[in-house]
Amino acid sequence: MTEGMTYRRCGNSGILLPEISLGLWHNFGAGSDAEECRAMIGRALELGICHFDLADNYGPPPGSAEERFGRLLKQDFFMRRDEMFISTKSGHLMWPGVYGDWGSRKHLIAGINQSLRRLQLDYVDVFYHHRPDTATPVEETVSALVDIVRSGKALYIGLSKYPPALFRRVCGMLKAENVPCLLHQFRYNLLDRECETETLPTVQQEQTGSIVFSPLAQGMLTGKYLGAELPPLSRAADESSVFLDEAKVQNAAKRVRELQHIANKAGIPLTQLALRWLLRRQEISSVLIGARNVTQLEQCAQAAGQAPLPDDVLRALG
Ligand SMILES: NC(=O)c1ccc[n+]([C@@H]2O[C@H](COP(=O)([O-])OP(=O)(O)OC[C@H]3O[C@@H](n4cnc5c(N)ncnc54)[C@H](OP(=O)(O)O)[C@@H]3O)[C@@H](O)[C@H]2O)c1
């Protein structure tokens, strides 16, 4: 059973993605509550959220999100594997020594093999190069990605955080090998609109799909940090979470307060507003959220399949 999810075509491909996808960067590591993880995966599937996004380094510790997901998949969801679209990535630091990161053939082939072992899968649906590597010849990275698809370890290739010119070049090289890039993954939210200038037009020109991460600016666009104290159970209050802290929350507070005001005036919760605003752009195939629990997941999922935001609200958001 799926509850009213809307799906979008992923670029010029045969793949449909749910408007809201679930990322496992946080809350699926070794220290997370296995029952909550199981509940989130189960509820996601009920809601029609069939796309789960992982990377080798998600945890903490690195690798543990893939292990957790792999165990749950095997125990509880294996019969539903073909309903699911599962991605993973390599490129960020994963193991010690000179082969543990970036974009060499050595790193990427070891990376996919390790991920498949942790996930207990024969293949993933998408394998991403997690970040560009300007020191490795791009031909080497591309040939490794092509070989990963040809060996059956991934069905499609994705690129993450590639700058526009390099993205265009690599898309051309992959197309020439008949392994077209399926998806570009990059950051986009109401506090960070950098991708609007070049990345989004490039994705459209290349006719790939696009999936945007940190749509809630890691939780800031829920309005939860507007109080005097950091909520104790929150990413900014968690010392192991190095990409969001009190200083970042304070820097963004003025703009988030303005956005909260617009949301109140429109009668739309800020979380919904932030996600629906991203979905206004048809070239975005899916919005990739994170969730701590089933309640957060359900609140985010409600943004799918909604009417476009009214013009006055869009104008107020700029
Ligand atoms: N390619 C890349 O380099 C890259 C980089 C970053 C992320 N990603 C992908 O994108 C996914 C999403 O990124 P993200 O986790 O930064 O996304 P996000 O949706 O901006 O932030 C998710 C966090 O916001 C908070 N939240 C979500 N819904 C909420 C609600 N209804 N009420 C209150 N708080 C709520 C939760 O944090 P707390 O409850 O803990 O505060 C949750 O973990 C990742 O899992 C990963 O798959 C990829």
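Two strands are taken to pair if DSSP finds at least two bridges between them. Helices (H or I, at least four residues) and strands (E, at least two) are DSSP runs, numbered from the N terminus. The model is a predicted one, in which local features need pLDDT of at least 70 and side-chain atom pairs count only at pLDDT 80 or more, while totals for chains, interfaces and linings use all residues. Residue numbers start from 1 along each chain as its sequence is written.

Eight strands close into a barrel in the order 3-4-5-6-7-8-9-10, with parallel pairing. From one strand to the next, the twist averages 30 degrees; axes are lines fitted to C-alpha atoms, for helices over the stretch in contact, and angles run from 0 to 180 degrees between N-to-C directions. Strand 3 (residues 20-23) is joined to strand 4 (residues 51-53) by two bridges, and these strands run parallel. Leucine 22 stands opposite phenylalanine 52 in strand 4. Helix 5 (residues 164-176) packs on the sheet, where it touches strand 7 (154-160) and strand 8 (181-187), and its direction makes about 160 degrees with that of strand 8. Contact between two residues requires that their C-beta atoms, placed from the backbone, lie within 7 Å.

Strand 6 (residues 124-129) is largely enclosed by the rest of the structure, because five of its six residues are buried. A residue is buried if 20 or more other C-beta atoms lie within 10 Å of its own, exposed if 12 or fewer, and partly exposed in between, with C-beta atoms placed from the backbone. Four bridges join strand 5 (residues 85-90) to strand 6, in parallel, and serine 90 stands opposite histidine 129 in strand 6. The chain passes from strand 5 through helix 3 (residues 105-119) to strand 6 in a right-handed β-α-β crossover. A crossover is right-handed if, with the strands pointing away from the viewer, the path from the first strand over the helix to the second runs clockwise. On to strand 7, strand 6 is joined by five bridges, again parallel; the bridge partner of valine 126 is tyrosine 156 in strand 7. Strand 6, helix 4 (residues 138-150) and strand 7 form a right-handed β-α-β unit.

Strand 9 (residues 209-213) is also largely enclosed by the rest of the structure, since five of its five residues are buried. Gly209, Ile211 and Phe213 point one way from strand 9, and Ser210 and Val212 point the other way. Strand 8 runs parallel to strand 9 and is joined to it by five bridges, with leucine 183 opposite glycine 209. Strand 8, helix 6 (residues 199-206) and strand 9 make a right-handed β-α-β unit. Three bridges join strand 9 to strand 10, in parallel, and phenylalanine 213 stands opposite leucine 288 in strand 10.

Around the ligand there are 29 residues, of which Gly23, Trp25, Phe213, Gly219 and Gly290 come nearest; a residue is near a molecule if its C-beta atom, placed from the backbone, lies within 6 Å of it. Strand 10 (286-289) and helix 9 (294-301) are the elements that give two or more residues to this shell, and helix 9 gives the most, with three residues. The shell comprises ten nonpolar, 14 polar and five charged residues. Glutamine 296 lies in helix 9 and counts as partly exposed, because it has 18 C-beta neighbours inside 10 Å. The C-alpha atoms of glutamine 296 and methionine 40 are separated by 9.5 Å, although these residues are 256 residues apart along the chain.

Note on methods
Nonpolar A, V, L, I, M, F, W, Y, C, P; charged D, E, K, R; others polar.
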